[in-house]
Amino acid sequence: QNRCGKARLLASDDGESWHSVALLELPGTDLRDPKLSITPDGRLMVLIGGSVYKDLKLVNMYPQVAFSSDGINFTKLQAVQFADGISQEREWIWGLTWHKGVGYGVSYGSGLMLVKTTDGIHYDLAAHLDMPGAPGEATVRFLSDDRMAIMVRRDADSRNGAFGIAMPPYTRFAWNDMDVPLGGPDFLFTSDSTMIVASRSLYSTEKTMLFRGDLRGKLEEVAILPSGGDDNSYTGMIVEGNELWVVYYSKHEGPKASIYLAKVPIHLFDGKLTSRWFY
């Protein structure tokens with residue numbers, strides 16, 4: 001059978017009880033790694049990688065988007081539209097971050113590219129991000145002075161992640177080697193000099209890790225979340241009061257993956273580290 005993944009959206013008022021609000025599916029397309037964002041006009045946007053298989057072989061990739069004004073009723077999925085200069089095939093936009101009315105993301109497939117949009121559907125080329133090491137998954141964030149930061153997973157050579165910063169118009173990045181491999185990299189700035197980083201890290205078994213980082217991309221371990229098995233991580237993070245809420249998946253409690261929510265005291269990321277472990 002050809003693969004055909006679906007994306008289910010869950011909602012909660014308290015982080016404890018969750019319920020399904022939508023199931024997104026597209027016949028003949030395998031939907032993976034949905035990312036949520038809020039558009040400038042206040043709608044909830046879902047950006048999903050869409051892979052097309054034939055006889056169990058990948059033949060194409062088309063990122064898909066859907067929108068909701070109430071968080072319950074979503075539009076039908078539609079393929080994003082790329083402007084000239086971007087490959088129209090085998091592209092994957094790894095999440096979207098909005099800043100001053102423009103959404104920025106990194107697409108990979110035919111090459112690593114920074115793309116931008118004002119409506120979530122049509123994307124223009126902002127910059128080619130040429131780097132060695134088979135780069136792929138990348139997350140975009142912004143500092144208070146409008147600088148853009150990008151964290152990139154790489155799967156060849158040393159396999160260390162890359163961290164880059166650029167001033168507007170975001171065409172020239174200063175890149176640093178992060179000294180550690182990444183998987184599903186995610187990060188939030190806690191100030192203009194420090195950040196919280198989440199990633200899959202490789203030990204004797206794979207673990208979902210939280211780090212404290214600086215603007216050089218250098219990391220200190222803060223927490224190993226309950227995780228393991230042969231697949232885990234791909235986090236979503238928000239700060240809620242004095243806690244960092246981290247949603248991720250893991251297979252450490254059984255053969256099938258489950259979704260977990262960890263609540264981590266935010267003070268662990270301030271100043272001198274007080275603990276490396278969290279369970």
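Y248 and Y260 are both buried. The model in which they lie is predicted. Their rings have centres 5.7 Å apart and planes at 25 degrees; planes under 30 degrees apart count as stacked, so this pair is stacked. The pair joins distant parts of the chain, with Y248 in strand β23 (residues 243-250) and Y260 in strand β24 (residues 258-265), 12 residues apart.

**Aromatic pairs**
- The structure holds 10 aromatic pairs.
- One of them brings together F163 and F187, whose ring centres are 5.8 Å apart and whose planes stand at 75 degrees, so the pair is edge-to-face.
- F163 belongs to strand β16 (residues 160-166) and F187 to strand β18 (residues 186-189), so that distant parts of the chain, 24 residues apart, are linked.
- F163 and F187 are both buried.
- W94, Y234 and Y249 are linked into a cluster by ring pairs.

**Overall fold**
- The protein chain contains 24 strands and 0 helices.
- Its radius of gyration is 18 Å, which agrees with the value near 19 Å that a compact globule of 279 residues would have.
- The C-alpha trace spans about 50 × 45 × 40 Å along its principal axes.
- Of the contacts between residues at least 6 apart in sequence, 41% join residues at least 24 apart.

- Buried residues account for 48% of the 279 residues.
- The chain exposes about 13,700 Å², of which carbon and sulfur atoms supply 50%.

How values were computed:
Residues are numbered from 1 along each chain as its sequence is written. This is a predicted model: local features need pLDDT of at least 70, side-chain atom pairs count only at pLDDT 80 or more; totals for chains, interfaces and linings use all residues. Side-chain values use heavy atoms; hydrogens and water are left out. Helices (H or I, at least four residues) and strands (E, at least two) are DSSP runs, numbered from the N terminus. The radius of gyration is taken over C-alpha atoms; the globule rule is 2.2 Å times the number of residues to the power 0.38. Buried means under 20% relative accessible area, exposed over 50%, partly exposed in between (1.4 Å probe, protein chains only). Contact means heavy atoms within 4.5 Å. Accessible areas come from the Shrake-Rupley method with a 1.4 Å probe; for residues, only the protein chains shown count as cover. Rings of Phe, Tyr and Trp (its six-membered ring) pair if their centres lie within 6.5 Å; planes under 30 degrees apart count as stacked, over 60 as edge-to-face and the rest as tilted.
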